[in-house]
Amino acid sequence: MHSELVDTLRCLSVHEESWLVAAADETDGRHIMRGLLGCPVCHARYPIAHGIADFSGGVRVPVALDDEGARPAEDAAMRLAAMLDLTDSSGYVILVGSWARLGAALREVVPVMVLAVNPHPDAGIGDGVSGVTTLDRIPVAASSARAIAFDAAGRLDEQPLDLAAALGAVRPGGRVVAATTVDVPEDVAVIVRDAKHWVATRTSGAPLIRLVRNPA
């Protein structure tokens, strides 16, 4: 987990929004490879192992492998950069499921920060690519990501992580890329599609509102 992305992460418990506090046991440059994230509001804890923060409650924490032989082709990363409209290195993008395999190669095209959500075991973590596992929500601040690439492979044990729920993480006007097998949500406008993928922009930018029970 890159230190720059820690401020973007949010607790998944229902309470007022708060950043998380990180404690590092093992680092690699600016990446926390082993450590703990803690919520100062509800004191929830989210462990970090192999550079991946576990927000799934231990349902599954994939081991990240840095296998040079498994790196994707450069042309695939170039195409993804074009679909996500990455013309500069500002902000960060979210790659869900099998898209996370393109994280390292994408950074060679445009050095943008990458958050891999429920990454496949062979997705390289480190050098600007961070990882989280989660069940039904992406644990980041609303409208904080510049783009997202999504596929159904990001689901954990048939849990309902879907694109409609994930869209809250993307800023208004941000790019959304998905396989044609993924239904197009209401809050996006499709720009182009082919036999394999569709590309859209997020049209609704209203932040997500969490309901907090009145203790009175």
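Student: Strand E5, residues 92-96: how many of its residues are buried?

Tutor: Five of the five, so E5 is largely enclosed by the rest of the structure. Buried means under 20% relative accessible area, exposed over 50%, and partly exposed in between, with a 1.4 Å probe and protein chains only. Strands (E, at least two residues) and helices (H or I, at least four) are DSSP runs, numbered from the N terminus.

Student: What kind of model is this?

Tutor: A predicted model, in which local features need pLDDT of at least 70 and side-chain atom pairs count only at pLDDT 80 or more, while totals for chains, interfaces and linings use all residues. Residues are numbered from 1 along each chain as its sequence is written, and side-chain values use heavy atoms, with hydrogens and water left out.

Student: Back to E5. Which residues point which way?

Tutor: Tyr92, Ile94 and Val96 point one way, Val93 and Leu95 the other, and all are buried.

Student: Which strands does E5 pair with, and in what sense?

Tutor: E5 runs parallel to strand E6 (residues 113-117), joined by five bridges. E5 also runs parallel to E8, joined by three bridges. Two strands pair if DSSP finds at least two bridges between them.

Student: What is opposite Leu95 in E8?

Tutor: Ala149. In E6, the bridge partner of Leu95 is Ala116.

Student: How does the chain get from E5 to E6?

Tutor: Through helix H3 (residues 103-109), in a right-handed β-α-β crossover. Right-handed means that, with the strands pointing away from the viewer, the path from the first strand over the helix to the second runs clockwise.

Student: And E9, how many of its residues are buried?

Tutor: Seven of the ten in E9 (residues 170-179), so E9 is largely enclosed by the rest of the structure. Strand E8 (residues 145-150) pairs with E9 in the parallel sense over five bridges, and Ala145 has Val170 as its bridge partner in E9.

Student: Which strand runs antiparallel to E9?

Tutor: Strand E11 (residues 197-202), with five bridges to E9. Arg175 stands opposite Thr201 in E11.

Student: How many aromatic pairs does a search of the whole structure find?

Tutor: One. Tyr46 and Phe55 are stacked, 4.3 Å centre to centre with 25° between the planes, and both are buried. Rings of Phe, Tyr and Trp (its six-membered ring) pair if their centres lie within 6.5 Å; planes under 30 degrees apart count as stacked, over 60 as edge-to-face and the rest as tilted.

Student: What about the whole chain: how many helices and strands?

Tutor: Four helices and eleven strands. The protein chain has 216 residues, of which 48% count as buried. Among contacts (heavy atoms within 4.5 Å) between residues at least 6 apart in sequence, 55% join residues at least 24 apart.
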